[in-house]
Every structure is written in C-alpha cells, then in structure tokens.
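Keep the structure open beside you as you read.

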Amino acid sequence: MDIFSSMPVGRSVSKNAIPAMAAMLMFLIYNLADTFSIGQTHEALQVAAVSLTTPVFLIFMALGTLFGVGGTSVISRSLEEGKKEYADKYALSACGYVS
C-alpha cells in the first residue's frame, strides 16, 4: 500500500516514524533496567562498561536508521524514474552486500 500517495504527508511520515521512535524508546528503557540490575552488584567497572557501550550502540542505531531511510528514498526515486537496475544495486549496498 502506497501510504504517501493516499494520505497527507504529515500523517504518513508520523505513521512511519512512530514505530522507529518506539523501538528506540524500548531500547533505552531496557538499558535503564540493565544498568539498574548491574548496579545492584556494586561493581563500578561493570556499570561503567554498560554506560560506555550505550552511546556506541545508539550511534550504530542512528547510522542504521540513516542508511535505512536514505536508502529507501534513493530506491523509491530510482524505481519511479524506471532505473530498476540502479535501485537493485543500491538495495544490495544498503543491506551490506557488495555487488
């Protein structure tokens, strides 16, 4: 279903953005619970390890979202212009495969 042609832009963008934001929020809640439970061990190095890896993981999530959103935009525009071969190559690149 092509939601961008059948509903207003703001509504269609929010319909796609809300699940991504919910996933990030769930990760942050999980991380808070994880940090709390590790904090119960009273070992500072373990809490520091969780605290240091969280921003790194969030950067990976941001890069994945960047390539996912940017990739779907490029693929969509390529298919609209009739460049199926280019869209296929970009889809393989965006998924991490080298053609």
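Does His-42 count as buried or exposed? At 71% relative accessibility, His-42 counts as exposed, where exposed means over 50% relative accessible area, buried under 20%, and partly exposed in between (1.4 Å probe, protein chains only). Before we go on, a word on the ground rules: this is a predicted model, in which local features need pLDDT of at least 70 and side-chain atom pairs count only at pLDDT 80 or more, while totals for chains, interfaces and linings use all residues. Residues are numbered from 1 along each chain as its sequence is written, and side-chain values use heavy atoms, with hydrogens and water left out.

You will find His-42 in the loop between H2 and helix H3 (44-80); helices here are DSSP runs of H or I with at least four residues, numbered from the N terminus. The backbone of His-42 has a phi near 60 degrees, a positive value in a residue other than glycine.

Now step back into helix H2, residues 9-39, where Ile-38 is found. Ile-38 has a relative accessible area of 18%, so it is buried. Which residues does Ile-38 contact, leaving aside its neighbours within four places in sequence? They are Gln-46, Val-47 and Val-50, with contact meaning heavy atoms within 4.5 Å. Ile-38 and Val-50 are twelve residues apart along the chain, and their C-alpha atoms are separated by 8.4 Å.

Asn-31 also lies in helix H2. Asn-31 counts as buried because its relative accessibility is 13%. Not counting residues up to four places away in sequence, Asn-31 touches Val-50 and Thr-54.

Let's follow H3 itself. This helix has 37 residues and reaches 54 Å from its first C-alpha to its last, close to the 54 Å expected at 1.5 Å a residue; the expected span is 1.5 Å times one less than the number of residues. Leu-66 lies in H3 and, with a relative accessible area of 53%, is exposed.

Finally, H3 is followed by Gly-82, whose phi is positive, near 85 degrees.

Key:
Helices (H or I, at least four residues) and strands (E, at least two) are DSSP runs, numbered from the N terminus.
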